[in-house]
Structure formats: C-alpha cells, structure tokens
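Hi everyone, and thanks for coming. Please have a look at the model on the screen, and I'll walk you through it.

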Amino acid sequence: MQWPPQSSDLNPIEKLWDEFDRQVRDKCTESEKQLWTMLKTIWGEIKKETLQKLIAKLPRLVQAVISQRGGHIDGKKI
C-alpha cells in the first residue's frame with residue numbers, strides 16, 4: 001500500500017490506544033494497584049473483532065488522506 005507522505009497518524013495502534021484511553025477514563029481508581037489491575041483487565045478484554053475492524057478500516061483512511069492530498073480527514077466519518 002502506498003503511504004501518503006503528509007498524512008496524519010494512520011497507525012491502527014493509535015486508534016486502539018484512543019479506544020483504550022476512553023475506557024480507562026470512564027473508570028475511577030483509588031490506588032496504583034487498582035489502576036494496574038484495571039488497565040490489565042481492559043487490555044485483556046479487547047476483542048479480536050475490534051482489532052480486525054481497525055485494520056480493515058486502514059485502506060479507507062489512507063485513500064481518504066490521498067484524496068485530501070495529505071490534508072485533514074475526519075476518521076470517524078470513514
């Protein structure tokens with residue numbers, strides 16, 4: 001796949017981190033130990049389908065960036 005030279009970050013792991021961050025922010029912890037337990041739990045609950053969707057979306061994101069000539073795209077609308 002040809003990578004656009006002036007693209008925003010199109011790395012699927014970044015999209016996964018965004019999802020992970022949203023889930024973490026929805027929960028409260030009272031200690032560092034609770035935080036680590038929660039992080040491990042959330043990470044372990046990531047479904048294979050979630051990863052497959054992120055990867056499957058990548059060609060559409062790249063095409064959108066190419067169409068915008070490296071300009072801004074709204075990845076949520078793709």
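Predicted model: local features only at pLDDT ≥ 70, side-chain atom pairs only at ≥ 80, totals over all residues.

I'll start with the overall layout, then go to the salt bridges, a surface patch and a pocket.

Residues are numbered from 1 along each chain as its sequence is written, and side-chain values use heavy atoms, with hydrogens and water left out.

So what is the chain built from? It has three helices and zero strands, and from the N terminus on the order is α-α-α. Helices here are DSSP runs of H or I with at least four residues, strands are runs of E with at least two, and both are numbered from the N terminus. Of the 78 residues, 19% are buried. Buried means under 20% relative accessible area, exposed means over 50%, and partly exposed is in between, with a 1.4 Å probe and protein chains only.

Let's turn to helix 1. Pro-12 lies in this helix and is partly exposed, at 23%.

Now for the charges. Side chains of opposite charge can pair when their charged atoms come close. We call it a salt bridge when a side-chain nitrogen of Lys or Arg is within 4 Å of a carboxyl oxygen of Asp or Glu. How many salt bridges does that rule give? The count is two.

One joins Arg-22 to Glu-19, with 3.1 Å between the closest N and O atoms. Both residues lie in helix 1, three residues apart, about one turn of the helix. Arg-22 is partly exposed at 46%, and Glu-19 is partly exposed too, at 30%.

Another pairs Asp-21 with Arg-25, at 2.8 Å from N to O. These two are four residues apart in helix 1, so about one helical turn separates them. Asp-21 is partly exposed at 35%, whereas Arg-25 is exposed at 65%.

Next, the surface. Ile-13, Trp-17 and Trp-43 make a nonpolar patch of about 290 Å². Patches are made of residues with over 30% relative accessible area and no salt bridge, joining like charges within 9 Å and nonpolar side chains (Val, Leu, Ile, Met, Phe, Trp, Tyr) within 5 Å. The areas come from the Shrake-Rupley method with a 1.4 Å probe, and for residues only the protein chains shown count as cover. Trp-43 sits in helix 2, residues 32-44, and is partly exposed at 38%.

Finally, the pocket. On a 1 Å grid over the protein atoms alone, a pocket is an open set of points where a 1.4 Å probe fits, with protein on both sides within 12 Å along at least five of seven lines; lining residues have an atom within 4 Å of a point. The largest pocket has a volume of about 330 Å³, where volume is the space filled by probe spheres set on the points, and points are joined across faces, edges and corners. Which elements give two or more residues to its lining? They are helix 1 (12-25) and helix 3 (48-67).

Lys-76 is among the lining residues; this lysine is in the segment after helix 3 and is exposed, at 77%.
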